[in-house]
Amino acid sequence: QESISNCAVMALRFLSGLASLGGFVAGHAHEHSLLLGADPNPAILGYEEVPLDLSYDHIQLQVEGNVPSYLNGTLYRGSPGAWPDGWWLDGLIMINAFKFKEGQVFYSMQWNKDEAYNHTKSKTTGPEPLAKAPVSGGIPHPANSSWPTGVAFHQVAGEIVGSTGVSNLNSFDGDSLAPLEMPFEYGDSIGAPYLSPTHEQTLDGYVLSHLVTGMQKGSGGEPGYIITSIKPGSRHRDVVAKIEEPKESSPFKGLPSFQHMQLATSEFYIMLEAPCYYPSSATHVGNVDWAGWQSDLIASGHVRLVSRSSGESMIYPLSYSVFAIHHINAYHDEQTNEIVIDTIQTLPSFIPCSLAFKNLKMENYVKGWKSTGHGLSMSKILRLRVPLDKPGAKVEPKQITKMTGMEFPTIRYDDYNGKPYRFAYGAWMSSGEVPTYDALVKLDVQSGEHVVWKVDGHYPGEPIFVADPAGKEEDDGTVMTNVLDTKKNQTYVLLLDAKNFKQIGSAGPTPHHIPHGFHGRYFDRKLNAAAEADVLVV
């Protein structure tokens, strides 16, 4: 009876995990009304499509409250605004910009004019994948292909670029949002396009990332990683390491793992490798075979530390596998000689990503919102301590706080990325009964304590910290984000005092609602451009 009971508990947990991702019971709402949201989705406005010919240029927004005088830059936010293939993460990207100038706020929006957007607007089909990739190990599409970037943003040699899960970035003008280079041209011979994390790591002016090779039909080459580093003021990707057939990631096939994000310190490029692997099929530009992802149920998760100086890897197995989409930060604890990694576990360890990713259809977000919301509320915030003086030691992830449901974590990135820090900010699920992130949270990673901003019916995006140049403490500054107000059916930009997490101002509404979005960055100067470090972007 005990074994039967244990099996029942595991089965219930498994079903809960599947339901948390929506699609497991999609199409059976009459049988699973408790899970699948028979009630109207209260956040459905954030999934309504935006006209493809819509754009805005420096529309002045109405300001209420206080806009700090040191805010004289621009918040860039990517959001999907149309979903031609019905998958949420394949959405066409709107680039939204909130420009702060002398206490006023101006809003601009342009669609990312990539291949997927152009073919959708002209009602044509993009070219089929090539029989052979233009570069060994790459994606079988022409090197000059442009993807729907703007899922995240960073700078290379002072140019603002949008990114997605490929190496081909798109640059745009910081003021007009007009496209500049599609794709952005690197100054090296590595070639393109490759699979790649959506996020980069910018640390002390260096831009770090990696390329994934040999994963798709027609890619050629060996499966593996190419880890790269771009010096300040350069467009040249220096190769830190080439890692072929990483058996630690998949013992039987030696496949490189999928990673949406990586971390870095001054010493190491840090990869949290879970047994989750890219599809082998090649698709049209802008589409992903979400049903084709692969998992290895035998493989376990681990941390890979890659020396930025030698390129050598150190592997640390985890006591249980951790699949994380977004990490918070990593740093070297000098007292204990450990690399500290703070991350957010997205899925329970027993749910393979190959099953989870099949449920990212729009219908699961819209109609299956109760199940989706339940799943989003289960994410856990973990800390991994990796002992540098014990190579290969098993690492046990531990929860920083009992709070769950935090995602889209950010920190005081420009000053504390890769360094010891105290505060993280994120979007938060206030309960498992809401459809998507309906609050913001500030987390003290040292104590585990947190404070919340929440207004009923308001759904905020990823919070972005902007430092007060006159401040002396880590949390002296402003936290900003766009918020979807479903009571008034409009979007506004929210300003919080980062220290007490109370609202100090807002600006809006924007002339059209901004759907539930992805990542953002605030820039008030050129970065990674050694000769132009103090030149304002806008």
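Predicted model: local features only at pLDDT ≥ 70, side-chain atom pairs only at ≥ 80, totals over all residues.
Local features were considered at pLDDT of at least 70 and side-chain atom pairs at pLDDT 80 or more, while totals for chains, interfaces and linings use all residues. Residues are numbered from 1 along each chain as its sequence is written, and side-chain values rest on heavy atoms, with hydrogens and water left out.

The protein chain holds seven helices and 32 strands, taken as DSSP runs (H or I of at least four residues for helices, E of at least two for strands) and numbered from the N terminus. Its radius of gyration, computed over C-alpha atoms, is 22 Å, close to the 24 Å given by the globule rule for 538 residues, so the chain is as compact as a globular protein of that length. The globule rule is 2.2 Å times the number of residues to the power 0.38. The C-alpha trace spans about 60 × 60 × 60 Å along its principal axes.

Of the 538 residues, 59% are buried; buried denotes under 20% relative accessible area, exposed over 50%, and partly exposed in between (1.4 Å probe, protein chains only). Among contacts (heavy atoms within 4.5 Å) with a separation of 6 or more, 64% join residues 24 or more positions apart.

A nonpolar core is a set of buried Ala, Val, Leu, Ile, Met, Phe, Trp, Tyr and Cys residues joined through side-chain atoms within 4.5 Å. The largest such core has 44 residues, of which Ile227, Phe258, Phe323 and Phe357 touch the most other members. Elements supplying at least two residues each include strands S10 (206-213), S11 (224-230) and S12 (237-244), as well as helices H4 (353-356) and H5 (362-366). The most is given by S12, with three residues. Beyond four places in sequence, Phe323 touches Phe258, Ala274, Cys276, Ile344, Gln345, Thr346, Leu347, Cys353 and Phe357. A second, separate core of 28 residues includes Leu71, Phe100, Ala116 and Val466.

Ser229 lies in strand S11 and counts as buried, at 9% relative accessibility. Apart from residues up to four places away in sequence, Ser229 touches Tyr206, Val207, Leu208, His236, Arg237, Asp238 and Val240. Thr404, in strand S22 (residues 398-404), is partly exposed, with a relative accessible area of 30%. With neighbours within four places in sequence left aside, Thr404 is in contact with Ser377, Met378, Ser379, Lys380, Trp428 and Met429. The C-alpha atoms of Thr404 and Ser79, 325 residues apart along the chain, are separated by 24 Å.
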